[in-house]
Each structure stands twice: as structure tokens, then as C-alpha cells.
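Me: Hi! I'd like to go through this model with you, piece by piece. Could you start with how you sort residues by accessibility?

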Amino acid sequence: MLKQQQSSNNKPHAGVGVIIRQNRKVILGRRLNRPMAGSWQLPGGWIHFAETPEQAVHRQLNQFEDLHVGKIQFVAYTNNVFDEHTHSLSLYFMVDCLNNDPQKLINKNNTVEWLWADWNKLPEPLFLPLQLLKQSGFNLETTFEREKDA
């Protein structure tokens with residue numbers, strides 16, 4: 001367990017992760033930056049000053065050309081402690097991809113590799129927040145079933 005820090009410089013940062021799903025698959029991108037460069041993550045990023053989490057989600061979604069999505073819903077959060085100096089909170093929002101051919105989606109940030117992955121067979125290594133989301137018991141299929149029953 002990491003020693004609790006008392007310095008105000010060690011406050012956690014808040015970010016969003018966007019679960020863009022279709023047919024039990026989600027979009028993942030390969031990280032270019034530290035920590036964990038090369039790991040797979042959901043689309044996402046930091047919440048900017050005076051921005052709501054929902055606005056941050058829209059900003060992230062706007063990075064995909066011609067992406068059409070359904071209703072945005074908050075689904076989970078993770079508390080991500082990478083090391084004694086790096087701590088973040090991730091707020092997860094889920095949207096359904098309504099595109100007929102999601103394989104043709106283009107992210108405007110073309111320096112990142114993107115793919116559609118089966119939620120139950122995600123590639124390795126996973127970025128810590130996504131690892132923690134999976135370990136929390138969040139299940140994309142269960143979420144599908146809950147929506148059908150509602």
C-alpha cells in the first residue's frame with residue numbers, strides 16, 4: 001500500500017473514459033504517453049477547468065469523424081493510483097455507436113492505433129484504469145441485459 005501523501009501537490013486529477021460500444025465490442029486506442037505507454041485504453045482524457053464531465057465526453061467523441069451515438073450515460077468510476085506521485089479518478093460514460101459500418105470510423109488524432117475489441121477478449125496490456133474497470137465487475141453484456149429489461 002502506498003504511503004498517504006499530505007502535500008497539496010499530490011491531489012488526484014479527474015478524467016473521463018468513454019465506452020463506445022456496438023455488438024458487445026468497444027473502441028480501444030493504444031497509448032502513446034506515460035504512464036503505461038503502449039497499453040490499450042478507452043477513448044478519454046482529462047476534464048478541463050470549468051468543463052463538466054459530459055462536456056469532456058462530447059469533446060472526446062468529437063475526435064471521431066462521422067460518429068453517431070445514442071444517449072450518453074454515466075456507468076462507473078475507478079480510483080487509479082499508479083504510484084506515489086500519480087493518482088487519478090476516471091468517470092466512465094457509455095454510448096452506443098449507431099453507425100452502420102463502425103470499422104470505418106476515423107479518429108482525427110491519427111497518431112494512435114484504434115481497434116474494435118470484444119469486451120470479453122480485450123488485448124493486453126490494458127491501461128490501469130481499464131484494468132480496474134474490468135476488475136470491478138463491470139460487464140458490458142450485463143449492461144445490455146439491464147437495458148433490455150428496463
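Reply: Happy to! Buried means under 20% relative accessible area, exposed means over 50%, and partly exposed is in between, with a 1.4 Å probe and protein chains only. This is a predicted model, so to speak of local features we need pLDDT of at least 70, and side-chain atom pairs count only at pLDDT 80 or more, while totals for chains, interfaces and linings use all residues. Residues are numbered from 1 along each chain as its sequence is written, and side-chain values use heavy atoms, with hydrogens and water left out.

Me: Thanks. Is H87 buried or partly exposed, then?
Reply: H87 counts as partly exposed, because its relative accessibility is 23%. H87 lies in strand β7; helices (H or I, at least four residues) and strands (E, at least two) are DSSP runs, numbered from the N terminus.

Me: And what does H87 touch?
Reply: Not counting residues up to four places away in sequence, H87 touches K11, P12, H13, N79, N80 and V81. Contact here means heavy atoms within 4.5 Å.

Me: Which side chain does the H87 side chain make a polar contact with?
Reply: That of N79, at 2.5 Å. A polar contact is a pair of N or O atoms within 3.5 Å; within protein, one must be able to donate a hydrogen and the other to accept it, and residues adjacent in sequence count only if both atoms are side-chain atoms.

Me: How does β7 pair with β6?
Reply: In the antiparallel sense, over nine bridges, with β7 covering residues 86-96. A hairpin through two residues joins β6 to β7, and T78 stands opposite S90 in β7. For two strands to pair, DSSP has to find at least two bridges between them.

Me: Let's zoom out. How many helices and strands are there?
Reply: Three helices and nine strands. The pattern along the sequence is β-β-β-β-α-β-β-β-β-β-α-α. The chain has 150 residues, and 36% of them count as buried. Of the contacts with a separation of 6 or more, 68% come from residues 24 or more positions apart.

Me: Now aromatics. How many pairs does a search of the whole structure find?
Reply: Four aromatic pairs. In one of them, the ring centres of F64 and W114 are 5.2 Å apart and the planes are at 70 degrees, so the pair is edge-to-face. The cut-offs: rings of Phe, Tyr and Trp (its six-membered ring) pair if their centres lie within 6.5 Å, and planes under 30 degrees apart count as stacked, over 60 as edge-to-face and the rest as tilted.

Me: Where do those two sit?
Reply: F64 is in strand β5 (residues 64-65) and W114 in strand β9 (residues 114-118), 50 residues apart, and the pair links distant parts of the chain. F64 is buried at a relative accessible area of 6%, whereas W114 is partly exposed at 26%.

Me: What about F82 and F127?
Reply: Their ring centres are 5.5 Å apart and the planes are at 35 degrees, so that pair is tilted. F82 belongs to strand β6 (residues 73-83), and F127 to the loop between β9 and α2 (128-135), 45 residues away. F82 counts as partly exposed at 22% relative accessibility, while F127 is buried with a relative accessible area of 12%.

Me: Which charged end sits over the ring of F127?
Reply: That of R31, 3.9 Å from the ring centre. The rule is that NZ of Lys or CZ of Arg is within 6 Å of the ring centre and within 35 degrees of the ring normal.

Me: Which residues are buried in α2?
Reply: L128, P129, L130 and L133 are buried there. Among the elements that cover the buried residues of α2 are β1 (13-22), β2 (25-30) and β3 (40-41), along with β6 and β7.

Me: Last one: which residues have the most contacts inside the largest nonpolar core?
Reply: I19 and L133, in a core of 16 residues. The elements giving two or more residues to this core are β2, β7 and α2. A nonpolar core is a set of buried Ala, Val, Leu, Ile, Met, Phe, Trp, Tyr and Cys residues joined through side-chain atoms within 4.5 Å. Another core, of 13 residues, lies apart from it and includes V16, V57, L61 and F64.
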